[in-house]
Amino acid sequence: MTPSARIAAAIAVLADIEARRRPAADALKDWGLSHRFAGSGDRAAIAGLVYDALRRKASAAHLMGATTSRAVVLGMLRLDRGLDLAKLEKMFDGSRFNPDPLTADERSALAAAADGKAFADAPSHIAGDYPEWLDLPLARVFGDDRVAEGRALAHRAPLDLRVNTLAVSKEAGRDPEALRGTIAAELAHLKPQRTRWSPVGLRVAIGADAKSPPVHAEPAFIKGQIEVQDEGSQVAALLAAARPGDQVIDLCAGGGGKTLALAASMANRGQLYATDLDKRRLAPIHARLERAGVRDVQVRTPRPDVDVLEDLHGRADLVVVDAPCTGTGTWRRNPDAKWRMRPGALSERLAQQRTVLDRAAGLVRPGGRIVYVTCSLLADENTDQIQAFLARHPGFAPVPAEKTVSVLGDAAPAFLDSVLTFPEGLLMTPRRTGTDGFFVSVLRRSIAI
Ligand SMILES: C[S@@+](CC[C@H](N)C(=O)[O-])C[C@H]1O[C@@H](n2cnc3c(N)ncnc32)[C@H](O)[C@@H]1O
């Protein structure tokens, strides 16, 4: 397919998403099924156009003065891909498979982008590309920076990998930097860069038209030496500071992303218990633990009316609560979710977070810690949730961010400068740390019972 035909296809897929209010992934899948001639490169490029258009949906529509899928794609091509009027005229030529020629209105809207005034009077939620109802909640956290934070969330995320020190260590010694170097050399064809904060992270940039590389087919992945994990998630697991020999509970283990990282910090020594409310979410963890060479994890699959952690009450050195949340910090990766999110979903998550935090409180030993993590940017799910927890559980106190970050070693001071800090914890964002948005709060239980 030509670049123009791909654009026409992306406009059709977006129109389907809007008309049938369906998830982008479903609409893209259907398009693929009914256009079997399209190769994998075409499909990836069309998906890239659709997701980029969703990322810039509000600003692109504002620029074009229309909310149609064609307007949103045109606005995105101008704002995000930097295509100027002359280039767009050539691509929108109306020939077979290509989009119709530009109208006079479209031409003048696109020309206006060049003078930089198109957003001078735009409200924050349009300039920052997020839903209007979230303007106040985001203003509460970021103030006037919310537009810049929203813009950073409207860019594509890179592909981040975590080097699994458990699986590589036999070949290169235990020094994480040496292990990272070994894997970086093995993946040289992907041009990985060392991540800034995580000492075991590698970052692969992905171009606008490029597919995500098939990491799952890499020998290093098959051998369990790398995992796909956003650097923010890696850092959140590092800040939990699980140590070899600890008794650790991962209460919301899901598919095990954090569990695997915690197990690596513990160097397979001690005991890590992984559980989740939903056994279907937990199921993939078994194969992942096996592939990663993790030996110190017991998976406790939930059972109806049974407390599968009953024997662990008041015993854990560390309980990690990777809480269910709105995912507002991951909008780079899920631009579709950004526009689909509703206030009802927030209240539901808040109730779940309360339940799981209260459960965690009963599991920690005196002197032990809860590490509460969300991939949300909203105060309701982060600082407010922790304040309410501390009011219900006066035996816990937050550990200051300055102390929490010390596990990052040489990177700690710059990391502390980059994050937003609160008495209850710290917040990473794409704009500040180049990661997904993650809130981390460390809560220590007092020794006195
Ligand atoms: C953010 S996801 C976890 C992601 C996972 N830790 C990872 O890194 O791949 C949140 C998880 O919390 C689980 N959950 C929700 N309510 C819970 C509860 N009351 N107790 C335990 N888990 C719960 C959900 O099923 C979901 O898998």
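Colleague: Which residues does Cys375 touch, not counting residues up to four places away in sequence?

Modeller: Two residues are in contact if their C-beta atoms, placed from the backbone, lie within 7 Å. By that criterion Cys375 touches Cys325, Gly327, Gly329, Thr330, Asp436, Gly437 and Phe438, with residues up to four places away in sequence left out. Please keep in mind that this is a predicted model, in which local features need pLDDT of at least 70 and side-chain atom pairs count only at pLDDT 80 or more, while totals for chains, interfaces and linings use all residues. Residues are numbered from 1 along each chain as its sequence is written.

Colleague: What does the UniProt annotation say of Cys375, and where is its place?

Modeller: UniProt positions are given in the numbering used here, with feature names shortened, and annotations may be inferred rather than shown by experiment. The unreviewed UniProt entry has the annotation "active site" covering Cys375. Helices (H or I, at least four residues) and strands (E, at least two) are DSSP runs, numbered from the N terminus, and Cys375 lies in the loop between strand 9 (364-374) and helix 20 (383-392).

Colleague: Does Cys375 count as buried or exposed?

Modeller: A residue is buried if 20 or more other C-beta atoms lie within 10 Å of its own, exposed if 12 or fewer, and partly exposed in between, the C-beta atoms being placed from the backbone. Cys375 counts as buried because it has 26 C-beta neighbours inside 10 Å.

Colleague: Which residues of helix 20 are buried, and what covers them?

Modeller: In helix 20 the buried residues are Thr383, Gln385, Ile386 and Phe389. Seen down the axis of helix 20, they fall within an arc of 160° (taken from the directions from the helix axis to the C-beta atoms), so they line one face of the helix. The face turned away from that buried side carries the exposed residues Ala391 and Arg392. The cover over the buried residues of helix 20 includes helix 19 (343-363), strand 9 and strand 13 (438-445).

Colleague: In what order do the 4 strands of the open sheet stand?

Modeller: Strands of a sheet pair through backbone hydrogen bonds, either parallel or antiparallel; two strands pair if DSSP finds at least two bridges between them. Here the order is 2-3-1-4, with antiparallel pairing. Strand 2 (193-194) and strand 4 (226-228) are the edge strands, each pairing on one side only. Strand 1 (residues 159-163) and strand 3 (residues 201-204) run antiparallel and are joined by 4 bridges, and Arg162 stands opposite Gly201 in strand 3.
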